[in-house]
Amino acid sequence: MNEADFIERVRARNPNEPEYLQAVEEVVASLWPFLQDEGRRYLDAGVLERLTEGDRAISFRVAWIDDQGEVQTNRGYRIQWCGVLGPYKGGLRFHPSVNFAISKFLAFEQTFKNALTTLPLGGAKGGADFDPKGKSDEEVMRFCQSFMTELSRYIGPDVDVPAGDIGVGGREIGYLFGQYRRMTGRFEGALTGKGVGWGGSEIRTEATGYGAIFFAQEMFAARDEGLEGKTVGISGAGNVAQYAAEKAIALGAKVVTMSDSSGFIHDPAGIDRDKLEWIKALKNDRRGRIREYAEQFDAEYHEGKKPWSVAMDLALPCATQNELGREDAEALVKNECAAIVEGANMPCTAAAAKLIRERGLLYAPGKAANAGGVATSGLEMTQNSQRMYWGRERVEDELHEIMRDIHRACCEHGKGEDGQIDYVRGANIAGFIRVADAMIAQGAI
Ligand code: NDP
């Protein structure tokens, strides 16, 4: 079978699932030359066919009662994609856009990402088409309780360990964990991202954003450059964006943009530590909109726009999938942006990614650059199993080392004849080999 036939087969088996197809096409395109050559045995063992068919997909009704006493009905998902490397692991997303195709693309990507961390973690993802925005704490709690009542049948510390994602932060993990404990009668590590006082790990909240910056640091270091003095543009103002900004600022970079789904703010003077603390309070406590930043500080607000037209050395898309299109990529190229590091999962459209790679910008795919979150979840699982608590410094050191290792793996498998690193190819091949070897060893299942 050639590459086009293979993709056609996946397309025919998964109609109306554009995000899933986009993720598969990207992975297969970078794996194919390798599979024709030294990776031939993986093709012969049918690994690619097996990896594009998840282990199982669960979908379920979530009925809950809103503050008006009305019954509301949402749909929950858990996609357990590949369990050859360990218990399934991947976040839960609560957002109205969540559907089968989005959950599948995320679970597929997660499988490679988790393999890249070298930790014993299988790949999964899930969530619901529930929008926590505008809901009271009580409504969110009732939703989480109903969601977990069903999900608790399918998860557990040695089975599947969900974490947070878009719309699922500390508050939601707390309600979900409480209900899991009530349903099973067990206090165990069936979720990560828990509060530090009750089984959570230090640095888990910060891990994805910090990890993305550690990865960017390695990319620039390979060119004998540092982050100090670099101008950084960030999209999103949620968990990943906040902590990417925090670490970038700590390393001497100037962060000039952040955004939410309504628009972006541009602060040419830079978002400093104090302004970032203000954003954290705005987003995490008051659950306000990013436009309020421009009312509070001397900054511009661009309604309905994305930050990619601003001049920046490093672009960090940290909001959602397909948020950076071809025109945005053209603007970044025009403004001589040096690197794009994906804090979010698949934030660049296929056309944008193509242009970025053609123009030779440094480009780190999410499955490598944002793997720090799941890696630190892996460290939380280890602490839960040991019934131990590790200090901040230890966890941050471990995270930093894991990000360096992922960077090394990308370089090992992504170095071209011209000496340039293709991080997409490097990440896909490195993750694939680990999963594929385990698949072959465990037989045709
Ligand atoms: P949060 O919910 O904390 O923040 C998401 C941010 O993105 C918010 O600012 C939100 O704005 C914005 N956003 C969401 N949807 C859209 C949209 N359709 N268009 C424009 N902006 C949007 O999520 P996280 O920070 O946790 O996740 C962000 C990304 O990082 C996701 O792709 C996620 O899969 C990925 N990721 C997260 C990890 C984690 O540990 N949390 C780990 C690895 C990857 P608004 O408030 O207006 O909705």
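R394 is partly exposed, because its relative accessible area is 42% and this class lies between buried, under 20%, and exposed, over 50% (1.4 Å probe, protein chains only). The model is predicted: local features need pLDDT of at least 70, side-chain atom pairs count only at pLDDT 80 or more, and totals for chains, interfaces and linings use all residues. Residues are numbered from 1 along each chain as its sequence is written, and side-chain values use heavy atoms, with hydrogens and water left out.

**R394 and its partners**
- The side chains of R394 and E398 meet in a salt bridge at 3.8 Å, N to O, a salt bridge being a side-chain nitrogen of Lys or Arg within 4 Å of a carboxyl oxygen of Asp or Glu.
- Both residues lie in helix α16, four residues apart, which is about one turn of the helix; helices (H or I, at least four residues) and strands (E, at least two) are DSSP runs, numbered from the N terminus.
- E398 is partly exposed, with a relative accessible area of 28%.
- The charged end of R394 also sits over the ring of W390, 3.8 Å from its centre; the criterion is that NZ of Lys or CZ of Arg is within 6 Å of the ring centre and within 35 degrees of the ring normal.
- K247 lies over the face of Y210, at 4.4 Å from the ring centre.

**Other salt bridges**
- Side chains of opposite charge can pair when their charged atoms come close.
- The structure holds 37 salt bridges.
- One of them joins R326 to E330, with the closest N and O atoms 3.3 Å apart; both residues lie in helix α12, four residues apart.
- R326 has a relative accessible area of 37% and is partly exposed.
- E358 and K354 form a salt bridge at 3.0 Å, N to O, and they are separated by about one helical turn because they are four residues apart in helix α13 (residues 350–358).
- E218, E401, R404, D405 and R408 are linked in a network of salt bridges.

**A buried glutamate**
- E139, found in helix α6 (residues 137–151), is buried yet has no salt bridge; R142, the nearest side chain of opposite charge, is 4.9 Å away. For charge, Lys and Arg count as positive and Asp and Glu as negative, while His and the chain ends are not counted.
- The side chain of E139 reaches the backbone nitrogen of D67 at 2.9 Å.
- Beyond its neighbours within four places in sequence, E139 is in contact (heavy atoms within 4.5 Å) with W64, D66, D67 and Q68.

**Aromatic rings**
- A search of the whole structure finds 24 aromatic pairs; rings of Phe, Tyr and Trp (its six-membered ring) pair if their centres lie within 6.5 Å, and planes under 30 degrees apart count as stacked, over 60 as edge-to-face and the rest as tilted.
- Y20 and W81 form a tilted pair, because their ring centres are 5.5 Å apart and their planes are at 55 degrees.
- This pair links distant parts of the chain, with Y20 in helix α2 (residues 18–36) and W81 in strand β2 (residues 71–82), 61 residues apart.
- Y20 counts as buried at 0% relative accessibility, and W81 counts as buried at 4%.
- F60, W64, F94, F130, F143 and F147 form one aromatic cluster.

**Positive phi values**
- E336 has a positive phi of about 60 degrees although it is not a glycine, and E336 is found in the loop between α12 (326–334) and β11 (339–341).
- R387, in the loop between α15 (372–386) and α16 (392–414), has a positive phi near 50 degrees.

Note on methods
Polar contact = N/O pair within 3.5 Å; in protein donor to acceptor, adjacent residues only side chain to side chain.
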